[in-house]
Amino acid sequence: MSNIFDDHRKSFDFRDARKYTIITNWYISDILKIDLNINKIIHSKMQIKDLKPKQGNVDIVVDVVDVGAPREFQKFGRPGTVTTAIAKDETGDMKLTLWNEDIEKVKAGDKVHLINGYVNEWQGEMQLTTGRLGKLEVVGKVDVDLNKDSDTKIRTNIPTEKEED
């Protein structure tokens, strides 16, 4: 089985340092794009301040600063689980609705990439969600200390496990 380097190795002229530098940089950039999903993060230009209600095709990278307690529900006889998280970027913060298997994937302190998401409005407040066709990927960790006191609980009213007992 051949790997990605085999085809180019056969035709590569090792005596030319410029070719070596160009091809090496090309391999490194391709490996980074595949392994670290850098291409997805770089191309996400949306920011929370620019989102509008009923907006679809949302492609945004946000930091999850808090995740509420999951709640179970039934819709059309099928069980499901939902929770609300707080997502923020450098322009603001917003509620992020997590459904079913996404709840287990996302923890406070994660950096997530929402692909083909949707902005809905519930009780007069905008919320990000994956919607029917969207996808949520954890792409890293937040670079700030989440243990600092924050007023997110006051602004968002996300119930904690202690409050629900």
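**Salt bridges in a predicted model**

Author: In this predicted model, lysine 95 and glutamate 125 form a salt bridge, with their closest N and O atoms 3.3 Å apart.

Reader: How many residues apart in sequence are the parts that lysine 95 and glutamate 125 tie together?
Author: Lysine 95 lies in strand β4, which covers residues 92-99. Glutamate 125 lies in strand β6, residues 125-129. The pair therefore ties together parts whose separation in sequence is 30 residues.

Reader: Is lysine 95 buried or exposed?
Author: The cut-off for buried is under 20% relative accessible area. Lysine 95 has a value of 12%.

Reader: What separates lysine 105 and aspartate 102 in helix α4?
Author: The side chains of lysine 105 and aspartate 102 meet in a salt bridge, at 3.1 Å from N to O. Both residues belong to helix α4, residues 101-105. They are three residues apart there, so the separation is about one helical turn.

Reader: What is the relative accessible area of aspartate 102?
Author: Lysine 105 is partly exposed, with 41%. Aspartate 102 is buried, and its relative accessible area is 8%.

Reader: Which residue forms a salt bridge with glutamate 137?
Author: Glutamate 137 is buried, at 14% relative accessible area. The closest N and O atoms of the pair are 3.1 Å apart, and the partner is lysine 135.

Reader: How many salt bridges does the structure hold?
Author: The pairs discussed above include lysine 95 with glutamate 125 and lysine 105 with aspartate 102. For the structure, the number of salt bridges is five.

Definitions and conventions. Residues numbered from 1 in each chain as written. Predicted model: local features only at pLDDT ≥ 70, side-chain atom pairs only at ≥ 80, totals over all residues. Heavy atoms only, no water. Salt bridge = Lys/Arg side-chain N within 4 Å of Asp/Glu carboxyl O. Helix = DSSP H or I, 4+ residues; strand = E, 2+ residues; numbered from the N terminus. Buried < 20%, exposed > 50% of the residue type's maximum accessible area, 1.4 Å probe, protein only.
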